[in-house]
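Here is a brief report on one protein model. Have the sequence and the coordinates open while reading.

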Amino acid sequence: MSLLVVGLSHRTAPVGVLERAALTGEVPTRLLHDAAASSTVAEAALLNTCNRIELYADVDKFHAGVAELSLLLAHHSGVDLEELTSHLYVHYEDRAVHHLFSVACGLDSMVVGEGQILGQLRDALAKSQDEHTAGRGLNELFQQALRVGKRAHSETGIDKAGQSLVTFGLEQVAAGAGEIAGKRALVVGAGSMSSLAAATLVRSGVTDLLIANRTPARAERLVEILGPDVARTLDLAKVPQALADVDLVISCTGAAGVVIKAEDVAAAVASRAVTEPLALLDLAMPRDVDHAVHELAGALLVDLESLSHAHAASPGAGDVDQVTRIVADEVTAFGAAQRAARIAPTVVALRAMASDVVAAELGRLDSRLPDLDERSRAEITQTVRRVVDKLLHAPTVRVKQLAAEPGGASYADALRELFDLDPAAVHAVSGTPVGGRPQPSGGGAR
């Protein structure tokens, strides 16, 4: 597999660009299918979160793959290719694996060490499998990335340093608007991020919580989980009026436009009798809360842009160095295993060829010595096979060891050339058609 990653994130693009590039609705599915349908791509997966968009692909040509995936990102995001290119990053082969493993461990997150990314990676893999755009290569890669992420969280203290985006956002709210405990709160949205926000508020001491969502049934289910003594539903259309009755609003709806307008916040602030500001935590991409709220007196808006600045200024997370070493070790081990696996079909084909040669020679022996007794024939057969096995043992073991090293693919080529192996036999073992590439599982979206 020649892995290529093309993407943009909070590290390379300002929030304004990420907001315009955000993929919503059916757009991610269309992008995934178009990527898999590209002539340069054998498999594809898409990691699409509030602060990153990344296409992972098994490509046969690096430059053509970069050009094609960049064009597709621009087309489906609606951001001009020239502008988007300045914010894109590209990783290839081992560097791409290193990037994915780092992402899985939370090292590349806005809040270093946060664990939500593992669920997002799991969802990305499931989506590519459901859409039949990922085959064995990406499946193995993403499964290993999930294992590396779990290892990092279980073996280090990265969890202590790496809060969820919700927790970090609430810390910023508390710094500007006072303690969370005892506040009246409103959560707009009932998806995974909003559900986490609601649960975090309850754990933080909020006992009066409103949940508003476009689909009332999802809001009702969340209320059942949290408890009706703590939470209750609110009609989404009544959110503007409810702003005056709460102290804190968390919004993460995934809507395409602004959900909470500046004029509604201004009206709510004007009618409030308390001195503390009305706090709004916007975790959506594109943004749910009008950016103009930043300019309103009596309101405190914490959004992804301000969270990014706040985290950049915070001290480094606890066990980042240890996690970095884990990632480096895992990348090395994964690369070695992948390179070793590539030579396995050649070794199998070589042994199959040797077995055919032994069978042919024994058949010739039978025709020349038809009266040979069974005991002698069995002894000769065993001797010939033992000689062949001993001759092949050392070179095949050694070539597997050499193949695990960088550049090891050349040893498979040398083995095929030296023993004049039939390419069709090698490809038959690997499941790859001669002159072609493996198709994604389930027939692919090609």
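**Overall form**

The model is predicted. The protein has 18 helices and 10 strands. Its radius of gyration is 29 Å, well over the 22 Å that the globule rule gives for 446 residues, so the protein is more spread out than a compact globule. The C-alpha trace spans about 110 × 40 × 40 Å along the principal axes.

**Surface and charges**

Of the 446 residues, 46% are buried. The accessible surface comes to about 21,000 Å². Carbon and sulfur atoms hold 53% of that surface. Side chains with a charge number 40 positive and 56 negative. The centres of the two sets lie 6 Å apart.

**Aromatic pairs**

How many aromatic pairs does a search of the whole structure find? The search finds three. Two of them are described here.

Tyr-56 and Phe-142 form an edge-to-face pair, with 5.4 Å centre to centre and 80 degrees between the planes. Tyr-56 lies in strand 3 (residues 52-59) and Phe-142 in helix 7 (residues 136-155), so the pair ties together parts that are 86 residues apart in sequence. Both Tyr-56 and Phe-142 are buried.

Phe-62 and Tyr-92 form a tilted pair. Their ring centres are 4.8 Å apart, with 55 degrees between the planes. Phe-62 lies in helix 3 (residues 62-77) and Tyr-92 in strand 4 (residues 89-92), so this pair ties together parts that are 30 residues apart in sequence. Phe-62 and Tyr-92 are each partly exposed.

**Met-353**

Met-353 is found in helix 15 (residues 320-368). Met-353 and Ala-35 are 318 residues apart along the chain. Their C-alpha atoms are separated by 39 Å.

| Residue | Relative accessible area | Class |
|---|---|---|
| Phe-62 | 28% | partly exposed |
| Tyr-92 | 26% | partly exposed |

Methods. Residues are numbered from 1 along each chain as its sequence is written. This is a predicted model: local features need pLDDT of at least 70, side-chain atom pairs count only at pLDDT 80 or more; totals for chains, interfaces and linings use all residues. Side-chain values use heavy atoms; hydrogens and water are left out. Helices (H or I, at least four residues) and strands (E, at least two) are DSSP runs, numbered from the N terminus. The radius of gyration is taken over C-alpha atoms; the globule rule is 2.2 Å times the number of residues to the power 0.38. Buried means under 20% relative accessible area, exposed over 50%, partly exposed in between (1.4 Å probe, protein chains only). Accessible areas come from the Shrake-Rupley method with a 1.4 Å probe; for residues, only the protein chains shown count as cover. Lys and Arg count as positive and Asp and Glu as negative; His and the chain ends are not counted. The place of a charge is taken as NZ of Lys, CZ of Arg, CG of Asp or CD of Glu. Rings of Phe, Tyr and Trp (its six-membered ring) pair if their centres lie within 6.5 Å; planes under 30 degrees apart count as stacked, over 60 as edge-to-face and the rest as tilted.
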